[in-house]
Amino acid sequence: QVQLVESGGGLVQAGGSLKLSCAASGSIFGINSMGWYRQAPGKQRDLVATIARGGSTNYADSVKGRFTISRDNAKNTVYLQMNSLKPEDTAVYYCNLKDWGINYWGQGTQVTVSS
């Protein structure tokens, strides 16, 4: 069974930077994509960014130009470099892996941005 372990969350001031990491392990087969989603209190879980194995990326409009998603295929690890953080970025960030159409989720890591 696939397991996703996230790290890198924390408390930062507005304008600061943070880098999230998510390492996938277990029985992963086929071409896969990885990504990050976030959920603020009282809000739905929304897409932040995704990246295919070949490197194609997709970003939410709210984070374009500020966040960068990358992956290390050998390590099955995805990263999210977050720059110019804003208070509205505060949320629990969840790592996602889609393997042959099956979605797997990490436990979430809290990101809090203060003014």
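The structure holds one disulfide, meaning a pair of cysteine sulfur atoms within 2.5 Å. This is a predicted model, in which local features need pLDDT of at least 70 and side-chain atom pairs count only at pLDDT 80 or more, while totals for chains, interfaces and linings use all residues. Residues are numbered from 1 along each chain as its sequence is written, and side-chain values use heavy atoms, with hydrogens and water left out.

Start with the disulfide. Its partners are Cys22 and Cys95, with sulfur atoms 2.0 Å apart. Cys22 sits in strand S3 (residues 18-25) and Cys95 in strand S9 (residues 91-99), so the link ties together parts that are 73 residues apart in sequence. Strands (E, at least two residues) are DSSP runs, numbered from the N terminus. The angle about the S-S bond is -85°, and the link of Cys22 and Cys95 is left-handed. Both Cys22 and Cys95 are buried. Buried means under 20% relative accessible area, exposed means over 50%, and partly exposed lies in between (1.4 Å probe, protein chains only).

Next comes the core. In soluble globular proteins, nonpolar side chains tend to be buried together. A nonpolar core is a set of buried Ala, Val, Leu, Ile, Met, Phe, Trp, Tyr and Cys residues joined through side-chain atoms within 4.5 Å. The largest one here has 28 residues. Trp36, Leu80, Met82 and Tyr93 touch the most other members. Among the strands that each supply at least two residues of this core are S3, S9 and strand S8 (77-82).

Now look at two loop residues. Ser17 lies in the loop between strand S2 (10-13) and S3. Ser17 counts as partly exposed because its relative accessibility is 40%. Leaving aside residues up to four places away in sequence, Ser17 touches Val12, Gln81, Met82, Asn83, Ser84 and Leu85. Contact means heavy atoms within 4.5 Å. Pro41 lies in the loop between S4 and S5. At 75% relative accessibility, Pro41 counts as exposed. Pro41 and Thr90 are 49 residues apart in sequence, yet 9.0 Å apart in space, C-alpha to C-alpha.

Finish with the largest pocket. Its lining includes Arg38, Lys43, Glu88 and Thr90. Strand S4 (32-39) and strand S5 (46-52) each supply at least two residues of that lining.

Notes: Helix = DSSP H or I, 4+ residues; strand = E, 2+ residues; numbered from the N terminus. 1 Å grid on protein atoms, 1.4 Å probe; cavity = no way out; pocket = protein on both sides within 12 Å on 5 of 7 lines; lining within 4 Å.
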